[in-house]
Amino acid sequence: MQIISPNYILTPNTLLTDLAVAFDKTIQKIAPLEELQKEYPDAEVAVLEKNSLLMPGLINAHVHIEFSANKTNLSYGDFMNWLYSVIENREELIGGCDATCMSKAIDAMLESGITTFGAISSHGMDLQACAKAVQNVVFFNELIGSQATMADALFGDFLSRLDASKSVAREGFHPAVAIHSPYSVHPILIKKALGIVKNEKLKLSAHFMESEAERNWLDSSDGDFKDFFENLLKQNSAVSDSKEFLEHFNGSNALLTHVVKANEEELKTIASNKHTVIHCPISNRLLGNGALDLNALDKQNINWICATDGLSSNYSLDLFEEMKCALFMHSEMPLLELAKKLINSVTINAASALNLNTGEIAEGKNADMLVLDLDKEPTDELAIHLILHRYNISKVYINGKQEK
Ligand code: MCF
Ligand code: FE
């Protein structure tokens, strides 16, 4: 048992003062230090310095680890140009991302306070790096392929990657499934994969309505994707429309990433199925996809969370940086309200979306915690300051073990 005694503890609705936390793998009790020392006389005690804040570890629910080699290879500003640049640079990009490159990305996330991440794995090449990461990992094996003729081979490959991820038997590692997107996955494949998802109660994720090109292709088999599909894949219409696509996900509490171009009907479907929207503001900006309308999501009571996406569409995997950009991007929402929502989105709300017992400093939750060194007593605008000031993270605990 350990006891940590910070000056302040951040919880979703209040800032606690003069309380300490007793924990092993999970948080056992939150009470005054003297009381905890009496109850756990053998516990190791850390009394922290002045202005220390204990807060939950951050959760980055959507990141492409295999794309971590990108810095300047890909074209930014327009989604289709980005996509063509991915295809053109594929070998260099994926081949250039070895174990060291992937571990560097994972370690950088730890340094910036990310104690849980959702890895979207395109090829399974990131499995070892994710298996040996100190963080909690939801490992989303991605299914992709719009051609029916390739379905058996692609599904076979997907299944063997899923099986390999199931053989990772470590605490905090969770195999899961990602359907790449409505335009890139054939319904035959989606149906087969969702059979497994439902049987085995796996978490499920998909990119959805990221670009104008996707909107036009799904609505009318037209727009910027027309040339792409006709020339590269000899396909002249979309494999499904967005309604059919979303119907596959009914009853799954899925994570839908981007959702920038979704219409009101789609938002209603997302709301009624209790899916979560993953918002990646930097990626949306860099790929020329505009900004998500957060008020429209709030109006429908949709749980939305903030994530970084991969280094394929970002310059860092730092959720403090991501939240800062979101704060400046969404002038439609009052500043303090937005800051509080962002902090909850990468802690308690991300945990609930991923169905993990973490994201909150509360009794019974896993002890995934950060210590931040504030320089002054916090004000009631703490959420804004946490996002703006990049306070030093002096300690990181994951499942009760100190990792920084
Ligand atoms: O999220 C970004 C942009 N949207 C879609 N896909 C990806 C992103 N970063 C990497 N990807 C991957 C995706 O998982 O690119 C591959 C897929 O494996 C093909 S589509 C460019
Ligand atoms: Fe992505």
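Phe320, Met323, Lys324, Leu327 and Phe328 in α14 meet Leu386, Ile387 and Leu388 in α17, where contact means heavy atoms within 4.5 Å. Helices (H or I, at least four residues) and strands (E, at least two) are DSSP runs, numbered from the N terminus. The axes of α14 and helix α17 (residues 382-389) come within 8 Å and cross at roughly 115 degrees; axes here are lines fitted to C-alpha atoms, for helices over the stretch in contact, with angles running from 0 to 180 degrees between N-to-C directions. The crossing is left-handed, a label given if the near helix is turned anticlockwise from the far one by less than a right angle, with right-handed used if clockwise.

All of this comes from a predicted model, in which local features need pLDDT of at least 70 and side-chain atom pairs count only at pLDDT 80 or more, while totals for chains, interfaces and linings use all residues. Residues are numbered from 1 along each chain as its sequence is written, chains are lettered from A and ligands numbered from 1 in the order in which they are written, and side-chain values use heavy atoms, with hydrogens and water left out.

Turning to the sheets, eight strands line up as β8-β9-β10-β11-β12-β13-β14-β15 in an open, parallel arrangement; two strands pair if DSSP finds at least two bridges between them. Since β8 (58-63) and β15 (303-306) sit at the edges with a single partner strand each, one side of each is left without a neighbour in the sheet. From one strand to the next, the twist averages 25 degrees. Within this sheet, β13 (residues 255-258) and β14 (residues 276-279) pair in the parallel sense over three bridges, with Leu256 opposite Val277 in β14. Helix α4 (residues 99-111) packs on the sheet, touching β8 and β9 (114-121), and its direction makes about 150 degrees with that of β9.

A second open sheet has six strands in the order β3-β2-β7-β16-β17-β18, this time with mixed pairing. Its edges are β3 (15-17) and β18 (401-402), each with a single partner strand, so one side of each is left without a neighbour in the sheet. Strand β17 (residues 392-398) pairs with β18 in the antiparallel sense over two bridges, and Tyr397 has Gln402 in β18 as its bridge partner.

His62 in strand β8 and Asp309 in the loop between β15 and α14 (319-329) are 247 residues apart. His62 is buried at 0% relative accessible area, and Asp309 counts as buried at 3%; buried means under 20%, exposed over 50% and partly exposed in between (1.4 Å probe, protein chains only).

Finally, the aromatics: the whole structure holds 13 aromatic pairs, counted if the ring centres of Phe, Tyr and Trp (its six-membered ring) lie within 6.5 Å, with planes under 30 degrees apart stacked, over 60 edge-to-face and the rest tilted. Phe79 and Phe225 have ring centres 6.2 Å apart and planes at 75 degrees, so the pair is edge-to-face.
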